[in-house]
Amino acid sequence: MRKCSLDSLNAVFAKIAEAAELYLPVNCTDGSAAFSKWEEGKEWSNNLNTVKSPKEFFFPQTEDLVAFKTSGKNIEIIDTRKEREDFVVFGVRACDVKAFEVLDNVFLLKEPYDSYYTNRREHGVIISVACNRPADTCFCKTFGIDPADPQGDISVWKTADSLYWQANTERGAALLEKIADLTEDCDTAAVDAEKEKITKIMSKLPLANLTTEGWGAGKTQELFDSPIWAEMSEACLGCGTCTFVCPTCQCYDIKDFNTGKGVVRFRCWDSCMYSDFTKMSAGQPRLSQKERFRQRFMHKLVYYPENNNGLFSCVGCGRCVAKCPISMNIAKVMKKIGGKENE
Amino acid sequence: MNNVEALIPKIGVITDIRIDTPDIKTFRVVTPDGEKPFEHRPGQCAMLSMPGVGEAMFSITSSPTNTEYMEFSIKKCGCVTEWLHQAEVGQQVTVRGPYGNPFPVDDAFRGKNMLFVAGGVGLAPLRSVINYCRHYRENYGTIDIVYGSRSKDDLLDYREIIEEWSKDEGVNVHLTIDREQEGWDGHVGFVPNYVKELGFSTDKTAILCGPPIMIKFTLDGLYSLGFEKTQIYTTLEMRMKCGIGKCGRCNVGSKYICKDGPVFRFDELDELPDEY
């Protein structure tokens with residue numbers, strides 16, 4: 001394990017940014033935090049709970065897939081893909097790191113591979129930071145995630161005066177090597193104390209006792225026809241905010257844009273909360289918001305685990321809980337439909 | 001970087017357009033070199049697109065035994081299909097695939113008496129299977145085809161049905177239209193009722209494709225004749241964008257229709273939530 005003082009942080013960031021683009025959470029004027037490219041003078045926010053998750057570094061909100069030129073009856077296909085330059089994302093919470101595992105299962109590990117996602121994963125280094133300021137909306141523990149022990153290429157712990165660095169992968173070790181002059185060897189005592197502190201904070205969170213009981217692979221028959229879906233979805237506006245702030249939501253749309261000089265085919269995040277998500281000329285399999293609402297939670301808590309060895313595709317980051325305009329959320333659904341309140 | 005990317009299509013050229021019905025045309029597609037775009041199995045699908053208009057999934061209606069080209073029977077019912085319907089021979093499109101699981105023509109279907117039941121444009125995906133079975137005739141028993149549409153003008157592949165299928169030994173074609181029509185002396189009535197009237201024996205493997213209401217009542221009819229779910233197949237339709245089980249919109253239960261379907265046996269469908 002290596003450490004550096006908080007005073008030298010600017011020098012450390014400068015050193016990292018010499019070799020690769022560096023992104024980290026910075027404060028926004030409204031008090032929230034957002035990932036931003038580091039440059040001299042930019043300060044790392046104490047708030048790791050960014051409004052948008054770092055998923056967009058690997059699966060951007062919109063990205064070009066391919067371009068076309070047409071003339072008369074002819075079409076030319078232009079492969080616009082290019083190699084991503086190396087980049088580093090610093091300050092990723094444990095839950096958001098876990099979300100990359102969820103996305104990897106879809107884009108990286110199941111054939112056919114998604115070359116766009118893979119390209120970014122191959123060039124991105126993830127530096128996680130132990131989360132000591134969880135929000136009241138957080139419930140990562142529910143999914144077995146330990147915010148005190150985040151994964152990623154490098155794990156970082158912050159104390160009152162220092163940052164502690166631990167490489168978990170070769171890529172992480174190579175990066176730590178680059179900042180070796182600015183860090184020194186240390187023991188794990190301070191980190192152990194920090195972990196203990198975080199564990200205590202976590203146990204006091206409002207959702208600390210939320211469990212996945214009643215959910216998981218094989219629960220479709222039991223949960224799909226629950227009358228509670230209708231009741232819980234009644235107020236849903238179908239705005240899709242929950243899917244856009246979600247670090248694991250992976251649904252996308254593919255659309256064409258005519259630039260005037262040619263056509264760009266791009267993909268963009270889409271949402272199962274929208275009516276035209278499944279609308280066909282032949283009909284609409286999800287007629288009301290009830291079916292769309294149900295799809296989102298059934299996918300995260302039943303269907304995805306069925307296809308991925310029981311792994312849930314919720315990481316308890318709490319973003320949808322904080323942002324839903326009608327205060328509906330996955331925690332309420334988990335309690336009411338699968339959990340104890342249903343008995 | 002990995003150079004294979006499933007979402008990047010290749011060029012196809014429309015070399016023939018057949019007008020089947022007032023709203024269905026059959027498009028023949030090859031590569032610019034005149035080759036078949038790719039190999040496929042009966043029941044699989046492909047994405048066709050016109051840049052700037054959009055991309056959509058279609059079943060490949062030609063049989064894999066056709067080595068020269070690929071055919072798609074397409075009903076005019078949305079942006080992409082309307083554009084295709086105004087296209088002319090020589091027009092280039094983009095094509096990618098094949099997608100999905102095929103019908104088990106070389107294992108579960110082998111040696112079986114086959115019963116195909118189709119309504120309207122629902123014949124399109126079955127034509128690939130029917131022509132495959134006709135090509136390898138010795139591998140299958142009797143072939144019965146029940147096909148119905150709104151009127152005689154709405155029957156797809158009519159010339160092929162009359163001049164080829166009907167003339168094959170051991171192939172029985174049963175056509176029906178919904179209402180009486182001048183110049184039609186064949187059967188009149190809905191497909192499900194016709195299937196019941198024909199009273200098929202249960203030694204057959206049935207494949208259904210058509211409007212949901214036809215599927216529902218045909219199923220009831222087949223069950224009443226003694227058919228089991230394990231001997232009835234269908235192919236599902238859902239909105240699709242990627243075709244490779246990632247974009248999420250054809251997700252039903254833990255299945256993705258584009259990748260785990262579109263072909264399902266009815267006992268397999270029982271495992272899925274009723275949302276297709």
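**Notebook: strand β3 of chain B and its surroundings**

I started with two strands of chain B: β3(B) and β6(B) pair in the antiparallel sense, and four bridges hold that pairing. I kept in mind that this is a predicted model. For one residue pair I looked up M47(B), whose bridge partner in β6(B) is R96(B).

Next I turned to β4(B). It runs antiparallel to β3(B), and six bridges join the two. Here I noted L48(B), which has A56(B) as its bridge partner in β4(B). The two strands make a hairpin with three residues between them. In that turn I found G52(B) with a positive phi of about 95°.

Then I asked myself: is β3(B) buried or exposed? Six of its six residues, 45-50, are buried, so the strand is largely enclosed by the rest of the structure. I recalled that side chains in a regular strand alternate between the two faces of the sheet. On one side of β3(B) I listed C45(B), M47(B) and S49(B), and on the other A46(B), L48(B) and M50(B); all are buried.

I also looked at where chain B meets chain A. The contact takes 44 residues from chain A and 34 from chain B. On the chain B side, β4 (54-59) and β6 (92-99) are the elements that give two or more residues. That side divides into 14 nonpolar, twelve polar and eight charged residues.

Last, I checked the domains of chain B: domain 1 covers 10-99 and domain 2 covers 113-235. Their C-alpha centres lie 24 Å apart.

Notes:
Residues are numbered from 1 along each chain as its sequence is written. Chains are lettered from A and ligands numbered from 1 in the order in which they are written. This is a predicted model: local features need pLDDT of at least 70, side-chain atom pairs count only at pLDDT 80 or more; totals for chains, interfaces and linings use all residues. Two residues are in contact if their C-beta atoms, placed from the backbone, lie within 7 Å. Ala, Val, Leu, Ile, Met, Phe, Trp, Tyr, Cys and Pro count as nonpolar, Asp, Glu, Lys and Arg as charged, and the others, Gly among them, as polar. Domain bounds come from an automatic or database domain assignment. A residue is buried if 20 or more other C-beta atoms lie within 10 Å of its own, exposed if 12 or fewer, and partly exposed in between; C-beta atoms are placed from the backbone. Two strands pair if DSSP finds at least two bridges between them.
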